[in-house]
Structure formats: structure tokens, C-alpha cells
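Welcome! Please take a moment to look over the sequence and the 3D structure shown here before reading on.

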Amino acid sequence: MAFEKIDLDDFFLLRFKSGDELAFEKIFKSNHDQIVGFCNQFISDRDKAKSLTQEVFLNLWLNREKIETLNGIRSFLYTYAKSSCLNYLRHRKVISKYEDKQLQEKEEEINREVLESFDFNSLEFSELEELIQKAINDLPEKCRQVFIMSRYDRKMNKEISEELNISVKAVEANMTRALKTLKSKLSEYLPAILVQLIMHHIS
Amino acid sequence: MDYSIINKYLVGNASEAEVKDIFKWIDSDLENRKEFIQYKKIWALTAKTTVNQDENWNTISNKLARPKKHLNTINYWRVAAGFLLVFGLGVMMQYILPQKSQQQFTYLAETWIEVPLGQMSNVVLPDGTTVHLNSGTKLAYSGNFNSGERLVTLEGEAFFDVVKDQEHPFVIKTNLLDFKVYGTSFNIQAYPEDKVINTTLVEGSLGIIGKSGSEITRLVPGENATYSDDDRQLQVGKVNLDMYTSWKDGLVTFRNEKLKDIARKIERWYNVEIVIKNARLGEEIYLGTILKNKPIDQILEVFALTSSLKYQIVPRANERTLIYWEYKSN
């Protein structure tokens, strides 16, 4: 289990559960951007991702009494975001980003697979988050800098290259390296194979 | 597959032709598909947008159902009176508090116990609490210990066996965290230079207090908490108790610890300096039990036999003995 020190307060959870809006505001502000970011990976329409996120938080507020632990909050948010995204992808016709309609379908199919294979079960999820954090911290220095600037600070490769005084190619190479390292370290915690998928390949 | 294209795709900069290539690669092999899914998952879990949070917060905060409050005139007065009272107290406190704290300080004459490097020691505090101090540890207890206030300050590692007293909690202050207990035994490792605090509870219950004064968490027996100042995270987990407490009996088990971390401990116990010549050697994981009361050359011999290191002892005139660790040459 790992928590932010400030968040690590039973009292805080109690306040939230009993309907303290200030506590909710804090939860909202420290998680909002990540949930929008998550939805945005599967739904490229930013405004849609934002409004889904609003729904997610509203439901957290309505279900606050059921939350058992502080880790449970993030696990609730991601679980709800996952099902909202899946719902959206299943039931709404999305305007194709690509001229090739088939490509759009393939992309949506794999997005659904990715979403479905996520397990946000409270305990395992906080473990996974901790592992990701650790894996990022363990990256070689440059690699880690590039990854954090790109993912968390939302900087463009060009900006990163200017700030770190390295070529854009080197930024790309570091990102690729970071991604590969993280993948190999986290592989067993990120199951990708689904029954549905295997069936698909047999048929 | 050119992985930088996958990266480009995830960022959202890939051209349609590139996306086509990626899906061709994904469809060609189940392993590729699996690999891609994992990349995408990592990407999604580390995603963060930068949006106008306040605006979004306002939207949602307007949707929260709130119980409506009817304030009548009497209630207004009550609220106003409440404000006045709080305000008044605040003003009064400013006058009262400084004097009080000055008075308190005169009581706080501290007694320091210092255990030099290479030695261990036991102390019995005025209330009967036993403390085993590991080498290189400092412990201070305040003068009004006898009047019931049980407060100690710790720098280093100590095993506490606290005498039960429900009315007077036993408080341990360290550089990063404080601990509050009512009768229990546990180990605390808080060497200031480590920037990490490690505590293990053997029996009873132990509250961990942040420097702000609020209780962060409460440990149950068999739990270990590690707090690191670098990432400001507290990790709580179940542990094998022997590993954290056996040092007081002179028996030390290293369970999957890095050689470089073990080296730091040996430095403390024996007052020597260990230089690890190969960085990779320092990262090597070690498992084994040693008897700490043995002379250093015997301990080093055990390590040489059970790991891939060899050592060299360099005695120095006015300094700590220097020991080199390096890979055995094959």
C-alpha cells in the first residue's frame, strides 16, 4: 500500500464520506486531470472525455458512503471511467478519424480490448500504481526526465529537446526506451489476453 | 516494427499510413497484439491532461445536491456570536501561549545517551521502559519523564519495550515522523543520514504521527512501515518480524537486501568504511543470516563465501578501516 502522505488520513476519508464538499474538491482536483487523460486515450474527442469525467466524479459523490478506503477512491474512479468509456464506444457511432473506415473499426476494437482487460480492483490497483511509479523512478535519468516531461507535464517532443538540449530524435529514442522498459517490468501485471480475443483468432 | 511509430501513435501524431502499418503489425501475431495492448495500458495509466480545473470544478460543484438551510434571524445571531467567540479566543491565545511555552522549556532539560559506532547498548528509562540501542544511535529523554510525560527523541535504530500506561502515551520523535504508543514493543530505524524511517511493530498498537501532529496511520502487530523523505510516501506491509528485530540478539538476517544497503549497516556496526568497486555488485540481492557479534573478518569471510564478492581490508592510521568489495575474478 502506498499513499500520499497528506491524503493518508482516516479523518479525511470520514469527512468525504459524510459529505464534506471541501474533501470532495480536494479529491476532484488531485484526480481530475488523470481521469480525463485516461478517457482521452480511448475517446479522442476531448470534450466528450471531459463530460464523461464529470459523470464519473458525480457518481463518486453519490456513492461516497460505499467507499471503504482512500485507495478505493481511485479504484472507483478508474472502474467507473472504464465502464463509461466502454459504454460510449459500444453505443455511439464515432466519427471516423481515418479515411479508411476499417482502420477506425480496428482501433475501436483494440481500445475496447484494452479497456476490458483492465482490473481496477482496489488492492491490486493500488499495488499496480505503486509499481508503475517505482518503474518510472527506476528508469535511467535522461529516460525518466523525458518520460515525465512528456507524460505528466504534457510537453511536446520539441519542447523537451530544447529544454534538455538533446535532439528530437534522442527524445523519441528515450520515450521508446522508457515505454519498452516499463512494458517489460509491468508485463505480468497488465494482462492483455482475453478469452474473447483468443476466440477471435481461432474463428 | 519501428517502436518510435508506436510512440508517435500513442502521442497522437502518427499519419494514417503509419497507423495502418501499426495495425498490420498488430494483426500479424497475437504476441504483437498483446504487446501493443500493454503499451496502451501503460500509456492510459500515466495519462494526464492539463485543463482548466476550476472551471470543471465549478460545473460539478453546482450539480451536487445540498440540503437547503434556512437561517432565521436568531440563527444569524448565533453564527455571528460564534465568529466573535472564535476570534476572541484567537486574540487571547496570542497573549497566553508564548508565556506558557516558555515555562515548559525550562523543564525540558534533556538527557542524551549516545552509543558509539561499533557498539550496542541497553537502557532502562525512568518509567521502566527498556530500549536496546543499535550502534551509532542517539536517544534523548526529557527531564519531566518522572512526572508522567514520556517523550524521547531518537536518531538511529532502537528496539523499544514500552511499559504500559494508558494515561501517559509514550512519544518518540524522529527527524521525519513521530510515534505514539501506550505499551508495546517495536523497532524503529531512523538514521538521519538515511532519509528513511523504518518501523516494525511486534506487539500492541503503534500510531504514526506526521510532523503536522495528525495521526497518519496505526500499525497492527507484524506490520512494518517505511517512510521515505524523498518521495514522501509511507508504505505499510506485513513482514517477517525476525528480519527487523533480530539485531538486538546479535543475529541478523538479510532477506533479499541489496549488498550496498548491507554495506551501510556493516559500516555502522563495525565502524569501518566499505567501498564497493563495481556498481552492479552493490545492486546484487543477498539472502542469509550472520552473527553480528563476530569479528569483522569472519563476517566478511561469510559474505565472500555466500555471494559473488571478494574483499580487501586496508587498515588506516587515524581513520576507520577501509574495506573494498569487488567481483571475484574468475
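## Before we start

This is a predicted model, in which local features need pLDDT of at least 70 and side-chain atom pairs count only at pLDDT 80 or more, while totals for chains, interfaces and linings use all residues. Residues are numbered from 1 along each chain as its sequence is written, chains are lettered from A and ligands numbered from 1 in the order in which they are written, and side-chain values use heavy atoms, with hydrogens and water left out.

## Chain A

Let's begin with chain A, whose secondary structure comes to 10 helices and 1 strand. Helices (H or I, at least four residues) and strands (E, at least two) are DSSP runs, numbered from the N terminus. Along the sequence, the pattern of chain A reads β-α-α-α-α-α-α-α-α-α-α.

Chain A has 203 residues, and 47% of them are buried. Here, buried means under 20% relative accessible area, exposed means over 50%, and partly exposed is in between (1.4 Å probe, protein chains only). Take contacts (heavy atoms within 4.5 Å) between residues at least 6 apart in the sequence of chain A: 63% of these join residues at least 24 apart.

## Chain B

Chain B contains 9 helices and 18 strands. Of its 330 residues, 42% are buried. Among contacts in chain B between residues at least 6 apart in sequence, those joining residues at least 24 apart make up 46%. Chain B exposes about 17,900 Å², and 52% of this comes from carbon and sulfur atoms.

## Where the chains meet

How many residues of chain B are in contact with chain A? There are 54, and they touch 66 residues of chain A. Together the two chains bury about 6,300 Å² between them, 62% of it on carbon and sulfur atoms. Buried area is the accessible area (1.4 Å probe) that two parts lose on being put together, summed over both. On the chain B side, B:K41, B:L45 and B:W57 supply 12% of the area buried against chain A, more than any other three residues.

Between the chains there are also 18 residue pairs in polar contact, both residues being at pLDDT 80 or more. A polar contact is a pair of N or O atoms within 3.5 Å; within protein, one must be able to donate a hydrogen and the other to accept it, and residues adjacent in sequence count only if both atoms are side-chain atoms. Helix 3 of chain B gives the largest share of the side of chain B that touches chain A, with 14 residues.

## Salt bridges

A salt bridge is a side-chain nitrogen of Lys or Arg within 4 Å of a carboxyl oxygen of Asp or Glu. Over all chains, the structure has 25 salt bridges, and the count between chain B and chain A is 4. In one salt bridge, the side chains of A:K106 and B:D27 meet at 2.4 Å, N to O. B:D27 also meets B:R33 in a salt bridge (3.3 Å, N to O). B:R33 is buried, with a relative accessible area of 3%, whereas B:D27 is partly exposed at 34%. A network of salt bridges links A:K106, A:E109, A:E113, B:D27 and B:R33.

Within chain A, the side chains of A:E129 and A:R74 form a salt bridge (2.5 Å, N to O). A:E129 lies in helix 6 (residues 122-137) and A:R74 in helix 4 (residues 70-91), so the pair ties together parts of chain A that are 55 residues apart in sequence.

## Two buried residues

A:T53 sits in helix 3 (residues 46-62) of chain A and is buried, with a relative accessible area of 0%. Leaving aside neighbours within four places in sequence, A:T53 is in contact with A:H32, A:I35, A:V36 and A:C39.

B:V152 belongs to strand 5 (residues 150-161) of chain B. Is B:V152 buried or exposed? B:V152 is buried, with a relative accessible area of 0%. Apart from neighbours within four places in sequence, its contacts include B:L125, B:F160 and B:I172.

Technical notes. Accessible areas come from the Shrake-Rupley method with a 1.4 Å probe; for residues, only the protein chains shown count as cover.
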